Amino acid sequence: MKVCKRAILFALLMVFSITTGQTTATGGGGGSNESKFVPTSEWQEIKEGQSIPQGLHVRINLTSGKKEAKLLDKEDGGGETDSSSLSMVPGEKLKDHQVSGSREAGTTETVAGMKLEALKQALKDIPANEYPEEPIDQSERGRFKSYEQIKQELKDANVELKSDSEIMTALFGRFEQVLQQTSPTDRQELDALFEDLEYLAHQIDNALQFIDRGGVEKIIWPSINRTEDGVTRTKALQLLGTVVQNNPKAKVALIERNGGTNLLTALGRASTTDEISAALYAFGSLVRKFPFAQKQLLTPHGYSVLYGVWEKKVELKVKVKVLQLVADVLEDYQSATAGGGGGESDQTTAEQYRSTKLVDGLQRTEFCQHAGAFFHQHKASLIPQDNLTDDTVKALKVCKQLCHEPWSQCPLFRHTLLVLRNNLDHRLDEDSELAEYRKEIRCSIDDLIVELYGKPKDEL
């Protein structure tokens, strides 16, 4: 029914758009030298300035672009001497805009052969473009429960729901007692506490809360100081690294608590692969992206502790981590001081990094000589371990600008690179799945050789 009414309205508007009252081609009613327009049932051109009588069917010929007019056909309401137009505004009554003098008293008003009153009644029933707001289904609200409701239901079921803060408070309360009761053979509960704390500390806010509650003093240092319990020391160092990793506020709080010095001491004292690895993780998490900590810890003593790891009897992967740590810190320094950014914050950051005097410190402590000796001494161990070879070469490439002179003049360094490169070349066909990876490592070694020693000369 509504579609029908809309069709009627559309037809009505189309009829009125081509039905005119007393009009002229120029908008005026007289003053034209042209002859009077005599309408017929055929289309005739309307001359410029020519007036036309009311009640005609007017169009623009799309072929010629000229205006034409003729008498209305009977089916279009021809024979009627009145012309009407309708306008409908949502929320208002229908108005009849009638040409004055066009309707005789007592005559029935029609539009396109339909009674005007019937059209008005039909238009009244056409709704405006208003869409009522759908009522909120209260049953939908009932599907979701509030936090307090869930908490109460779980409590009734003997399941207690706690926030991270409440869980951390409970862990703190249990830790000291568990630490004292733990033995080397029975440490399951203590390991579970470390695991839960480390899980919580991955979130920045929880890590800050851990420090503010005295977690460093109550948990980290007492655990690190257990001289006969290397496993607990390792767990504590891993937890400390998680607390400060990518957390600037936690780094500042640890430095304020003299944490850097204690951490460096723990690194120097560590003797096992796992403990040194955890200590390097914590140390790297603290000094990376933190020039203030680098200025305090990367001193001659700090470098000697790092270089000392290369002399310890631990797995090669831990020794490579020392080289990677120095390379990462150096890369951060070079990136910050390169002068690429022009903002005030970039300049401030660059000044902070320059104040560490990182390059001078590495040169004074002969980092390049230590790194070159480590590389040469462990070439046999690097040959079968592609991933460690890759990590080592990438770290050396970061340091090549700093160490270009000593390495380019060292035959042993060049010999080690060639040995690794040739062994990779010989092992390309051993495993098809590793062939591409070994080719990438070989290309990386070739690049380093060219940068240090230049392109090899062709032999005649």
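Two strands pair if DSSP finds at least two bridges between them. Strands (E, at least two residues) and helices (H or I, at least four) are DSSP runs, numbered from the N terminus. Before the details, a word on the source. This is a predicted model, where local features need pLDDT of at least 70 and side-chain atom pairs count only at pLDDT 80 or more, while totals for chains, interfaces and linings use all residues. Residues are numbered from 1 along each chain as its sequence is written, and side-chain values use heavy atoms, with hydrogens and water left out.

Strands, then. Strand E2, residues 44-45, runs antiparallel to strand E5, residues 67-71, with two bridges joining them. Glu45 sits opposite Glu68 of E5. E5 also pairs with strand E4, residues 56-60, again in the antiparallel sense, over five bridges. There, Leu56 has Leu71 as its bridge partner. E4 and E5 make a hairpin with six residues between them. In the turn, Gly65 has a positive phi of about 75 degrees.

Next, the cysteines. A disulfide is a pair of cysteine sulfur atoms within 2.5 Å. How many are there? The count is one. Cys368 is joined to Cys403, S to S 2.0 Å. The torsion about that S-S bond is about -80 degrees, so the disulfide is left-handed. The pair links distant parts of the chain, 35 residues apart. Cys368 is in helix H18 (367-377), and Cys403 is in the loop between helix H20 (386-398) and helix H21 (404-408).

Buried or exposed? Buried means under 20% relative accessible area, exposed over 50%, partly exposed in between (1.4 Å probe, protein chains only). Cys368 is buried at 8%. Cys403 is buried too, at 0%. Cys399 is in no disulfide, and the nearest cysteine sulfur, that of Cys403, is 5.6 Å away. Cys399 is buried, at 0%. Cys443 is partly exposed, at 41%.

Last, a cavity: on a 1 Å grid over the protein atoms alone, a set of points where a 1.4 Å probe fits but cannot get out, with lining residues having an atom within 4 Å of a point. Phe283, Tyr303 and Leu358 are among the residues that line the second largest cavity. Helices H12 (273-287), H14 (300-309), H15 (316-337) and H17 (358-364) each supply at least two lining residues. H15 gives the most, with three.

Conventions:
1 Å grid on protein atoms, 1.4 Å probe; cavity = no way out; pocket = protein on both sides within 12 Å on 5 of 7 lines; lining within 4 Å.
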